[in-house]
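The sequence and structure come first.

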Amino acid sequence: MIPADALTVLYSGFFLGSLYAVMAMGLSLLWGTVGVLNFSHGAILTLGAYITWWFLSITNNFTVSILIALPIFFIIGVIADRGMITSLRRKPAALMISSMLATLAFGTVIENFILITFGPRLKQLPLLTNWSYEAFEGYVITGQELLISVVAIGTLLILWFFLRNTKIGMAMRAVSQDLDGATLVGINVNGIYTLTFAISALLAGVAGVLIGSKFFLTPTLGRIPFLIAFVIIIFGGLGSVKGTIVAAYIIGLLESSTLFLLGLFWIYPVEFIAMMILLIIRPTGLFGEWA
Amino acid sequence: MRLQRKLLGYIMFIAVLALFPFFLNERFFIYLLTLSLMWGIVASNWDLLMGYCGIFSLAQISFFIIGGYTSGMLVKYLGIDPFIGLLCAGLVTAGVSTILVGLPTLRLKGVYVALLTVAFNEILRIFILSFGPAGVTGGIAGLVSIPPYSFGGRPFTLIDNYYLILLLFSISLLATYSILGSRISLAFTALRESEPYAVSRGVNAYSTKVIVFLISCFFTGVAGAFYVHNFGTISVLQLADISVLFTLFAMIIIGGWGRFPGAIIGSFIVTFLSEYVLHYIETYRLITLGLIEIVIIVLVPAGAIKILDVFRSRKIA
């Protein structure tokens, strides 16, 4: 018989893991395909949550506002890529550092834009459902958490299907595996890069809505999730889809068990130390290829 | 020959700065010059790591904090002279940072270095704010009422502090200059352009990077110590904020990264721009800096130092 506490920790880890997986997938996809580490991922996530909140205050309908917001996330990604990264790509040797600097600046611009436009006051997306179920004495599973997990896993499945079974998805994988080969068979590489950035921004936006419907919205909402996503993609091996998902659940479980055993304050030190240890033992992450 | 002309340029630059207070004795202006010089030390040493060595370390502000807290606590609790504190801060920062950050990260590359240094920033912040040392470091409130520099019982004034930072700045400039004129600089260039080739030709990547790391951390720690005695207070909450990191970044990028006087030019531009122009639109300060940065990275990756190039080529022609 499993004690109730362990079940609680497991469930909470599962919930966090699903959230983190959506967040980290965007970052990992972008790194794997374009070779850019997007430091503005957290800021795009925050912007996604705020845009949805803004549409919600106009339309008063959550589903409608998400449907309007999704294309906007996509467009943000296109703008970021066409505006900054495309011209940086002309110098491939410096791309990694120059894109880090550019996206860091872009992230700060977005964060301050949010602060100026929406103000520093806390906001919250509404509860989607009031359903809840008392699993056992003193522990309640809320419908909100369950719904967030379901949406997160659904998003990942759609992404998985897209990458495996559609032509564009296969082209994206081709570009990430072998750039020269992909160019030779006539794939529009620049188009794929922009599309990847846009999908990555879309995933960030979705993650923002999911996080925003669980926590409060602040202009710095995306910072901690970004750091965790960063840890996750390194943990799982940079650019590996499978590794990212596995690592997201590992980090989720690690976080919930640290919270339960040691306390809130220890979460980030424990995560970072775990990652340092992993990097020392296996420098390319869990599923990364040996360089 | 070209290097000597450069050295002459630096000496003239420092001489102009040294004579400045005689011509324009405006307190606010001197204060801004002090700030520019202090951040100039940090930014140029950061650029030495990032631009020349290719180590994408984000922990420079942590080295600054370590230096500041070291000197502040030594002087406040042990009562030693702030000038000795300055030296101690540099040495402690160099030692601690190289052991805790340098040795583990130098074996890694690119993004891994970035992540580990971000992690170091977070852990250092949590360490200073809480657990055991909070009683000594002042925790959230920060370390306060730190004695200022003094000579013969007379505390330093604004002008004295200005000359002190100018002296430290000159030493840092000289150190960077002599590194860039030496064989180490050639090793850097080789490592940055093609690490496998440089290593195969017998360049010891690891020890070269460790030496640079030590020097860079030393001067950053010294700048931190200056900060602490100049302002009399240090707070990790204020300094470990992302906006400070971002402002330093702006200095390096606007000045031109990977080319030596670039970061220093940048620190002057950003400090004066922030106080004289962006001061009037404080809410929009960071967003404006960010936009300027993006425009510069995309359009003029070489940064403001490119102006010097135009100047030089015209002279030759």
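## Fold, domains and core

In chain A, residues 24 or more positions apart account for 73% of the contacts with a separation of 6 or more; two residues are in contact if their C-beta atoms, placed from the backbone, lie within 7 Å. The model is predicted: local features need pLDDT of at least 70, side-chain atom pairs count only at pLDDT 80 or more, and totals for chains, interfaces and linings use all residues. Residues are numbered from 1 along each chain as its sequence is written, while chains are lettered from A and ligands numbered from 1 in the order in which they are written.

Chain A has 11 helices and 2 strands, where helices (H or I, at least four residues) and strands (E, at least two) are DSSP runs numbered from the N terminus. Along the sequence the order is α-α-α-α-β-β-α-α-α-α-α-α-α. The C-alpha atoms of chain A fill a box of roughly 60 × 50 × 35 Å along the principal axes.

Confidence is given as pLDDT, the predictor's score for each residue from 0 to 100. In chain A, 97% of the residues score at least 70.

| Part of chain A | Mean pLDDT |
|---|---|
| Strand 1 (residues 132-136), lowest | 72 |
| Helix 8, highest | 91 |

Of the 291 residues of chain A, 46% count as buried. A residue is buried if 20 or more other C-beta atoms lie within 10 Å of its own, exposed if 12 or fewer, and partly exposed in between, with C-beta atoms placed from the backbone.

Chain B is divided into domain 1 (2-240) and domain 2 (241-317), with bounds from an automatic or database domain assignment. Their centres, taken over C-alpha atoms, are 19 Å apart. In the contact between them, 21 residues of domain 1 of chain B meet 18 residues of domain 2 of chain B. Helix 2 of chain B gives the most to the domain 1 side, with 13 residues.

The largest nonpolar core has 178 residues, and A:Leu19, A:Tyr20 and A:Ile232 have the most contacts inside it. Such a core is a set of buried Ala, Val, Leu, Ile, Met, Phe, Trp, Tyr and Cys residues joined through C-beta atoms within 7 Å. Helix 8 (residues 189-212) of chain A gives the most to this core, with 15 residues. Domain 1 (2-240) and domain 2 (241-317) of chain B both contribute residues, so the core lies between them. Not counting residues up to four places away in sequence, A:Ile232 touches A:Tyr20, A:Ala24, A:Thr244, A:Ala247, A:Ala248 and A:Ile251.
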